[in-house]
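Here is a friendly walk through one model, with the chains in view as you read. Please have a look at it first.

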Amino acid sequence: MIQISDVSHQISGLPILTDVTFTLPKGGITALIGPNGAGKSTLLSLMARLSKVQTGAISFDGADVSTTPTQALAKRLSILRQDNSVSARLTVEDLVGFGRYPHHKGRPNAEDHRLVQEALAAMALMPLRQRFLDELSGGQRQRAFVAMVLAQDTDYVLLDEPLNYLDMKHARQMMERLRDTAREQGKSFVIVIHDINFAAAYADRIVALKNGRLHAVGTPKDIVTRPMLKQVFDLDIIVENIRNLPVAIHQIAPFPERQEHP
Amino acid sequence: MPSDRFAQMALPQTGQAPLDRARARVLILGALSLVALGLFLTLGVPGGAWGFALPFRAGKLVALVLVAYAIATSTQLFHAATRNQILTPAIMGFDALYLMLQAGSVFFIGAMATQDLDPILKFSLEVIVMMVFSTGLFLWLFSTQARDLYLLVLVGIIFGTLFRSLSSFISRMIDPNDFVVVQGATFAQFNTVNIDLLWISLVLCAFTVPVLWLLRHQFDVLALGRDTAINLGLPYRRVMLITFATVGLLVSVSTALVGPVTFFGLLVTHLAYRLLPGARFGPTWIAASLVAVITLVGGQAVFEHVLGFKGTLSVVIDLLGGLVFLTLLLKGAQR
Ligand SMILES: Nc1ncnc2c1ncn2[C@@H]1O[C@H](COP(=O)(O)OP(=O)(O)OP(=O)(O)O)[C@@H](O)[C@H]1O
Ligand SMILES: [Mg+2]
């Protein structure tokens, strides 16, 4: 269970997050949505102890991120940042191998090797595993970073826009893998997603942030509605029900109700 | 299907082949280092002078090996901690910081007192001050957000100039007799090393070897950057602190022994990165140290004992290293 209580965050005096409180049950996929600058990435880095919690508290299964030893947390939760780069010259396989570091501390065993191969396969990276990272396309590199986080094999996985740079096929494959992993292994994913339709199709629940405040928490059916999206994004979006899934047609302005015909 | 054929082509490559190649290259470097050591000890010794030449050269040899180790190691540590492979402690002006501290101690304590002070005690104090200063400065510069490389190059140039002018300013304020004490050590001299400090330097360097070896996996994680390192459970601040303190110690050792060498570290680490592409900190560290020994000891053997040019190796090394620096900067600019 993830507990976020009364979290506020300021950067040089400006409020970035204000009184954010919510609880997520263990297991399943939670989509974190909200406009640019809403504070999604900030919240995720607080959750992953990349920034210090200023006010409030965040805990995973009762372990407070501010007080639990960082080595212990690394076996329990992992994070993918929104922007990833490495300056070291690494192969894909080496990078993914680092995901096992919290468990083996530099001495990988057969189990570590197996999990690395699994993560590589899950992100369709087997043919690319000997390549250096700077020899990959943007989407391939993104998949390598996600594979590293998956290899870390933690109960809680925070992913900041993992679908960045991915084509349709790999985006769908990634979401299917995450959903299967969540179901089969009981893992919990918190995923920042901009494509609301991916959130609707794969998330068990959606958390909407706006202006640094929690706006709403609910199931896709609760959140992906025309009035709610209007509130969160200040945008009029048509939502259709297709095969029992809410589908937002956000790319174009709503049609005028009555088209003029000559 | 083309993608399957590609997969098959890539599959037979296992992780073992590059590892074996890396091991072979490190072994070759080790053999070359031994050759360099041998040449340095024996080249151009006139018959009958062995009894005198050998112990004399052996002392200098140890000093050069320590300098090679210290510069290669401090540079590679710096690269891991700052996530760039262009800046080095020397380029950031930290050998100049050491010289400034030295001049400052002459100024505040006085040359007489400085000369009376046990050189080993004085050096130990300088090393400690240097470790504190460099740790503070580096942490202040690098522990916050990732900074723009060009900004850092600029900061390095400003620091270097600042420290150098401060030490020459201090030198001018102290009286001319004291000035000689400072003047001796402001540029690299490979043929006249500071033998007084040999033993303490040897002890300090020997102390860093097991510490760094135990931490080698942590340096690999450190090089992935702050966020990834924390995500993987690295005690980030502690490792950064150890890294920068060690860099301060090693810069003090090399600067005290031979004086500042700006681009040597860059030259040897990049040769090592090229020789072992994608290798971990441990093997690269060994390779960089060996490359440094080969360059410094072998170079000095040839320059001093064959060509008879006494003071020119540092110029040549800095010229080559400077070219590497320019190339890297320009390549970085294209990206
Ligand atoms: N280092 C910083 N200094 C000042 N302000 C910052 C800093 N980092 C983030 N902010 C501000 O904090 C707010 C929240 O940023 P955050 O990155 O969390 O947004 P986000 O919801 O992830 O947005 P996006 O969808 O664009 O990724 C933004 O208004 C941003 O301008
Ligand atoms: Mg963001």
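## The largest cavity

Which helices of chain B each supply at least two residues of the lining of the largest cavity? They are helix H3 (50-82) and helix H12 (236-258); helices here are DSSP runs of H or I with at least four residues, and strands are E runs of at least two, numbered from the N terminus. The model is predicted, so to speak of local features requires pLDDT of at least 70, and side-chain atom pairs count only at pLDDT 80 or more, while totals for chains, interfaces and linings use all residues. Residues are numbered from 1 along each chain as its sequence is written, chains are lettered from A and ligands numbered from 1 in the order written, and side-chain values use heavy atoms, without hydrogens and water.

## The nonpolar core

The largest nonpolar core has 179 residues, of which A:Ile4, A:Met47, A:Ile58, A:Leu178, A:Phe189, B:Phe123 and B:Phe142 touch the most other members. Helix H3 of chain B gives the most to this core, with 13 residues. Such a core is a set of buried Ala, Val, Leu, Ile, Met, Phe, Trp, Tyr and Cys residues joined through side-chain atoms within 4.5 Å.

A:Met47 sits in helix H1 (residues 40-47) of chain A. A:Met47 is buried, with a relative accessible area of 1%; buried means under 20% (1.4 Å probe, protein chains only). Beyond four places in sequence, its contacts (heavy atoms within 4.5 Å) include A:Ile4, A:Ile58 and A:Leu158. The C-alpha atoms of A:Met47 and A:Ile58 are 6.4 Å apart.

## The two chains

Chain B has 15 helices and 0 strands, and 53% of its 335 residues count as buried.

In chain A, an unreviewed UniProt entry annotates residues 2-236 as "domain: ABC transporter"; such annotations may be inferred rather than shown by experiment. That span is 37% helix and 26% strand.

Technical notes. Buried means under 20% relative accessible area, exposed over 50%, partly exposed in between (1.4 Å probe, protein chains only).
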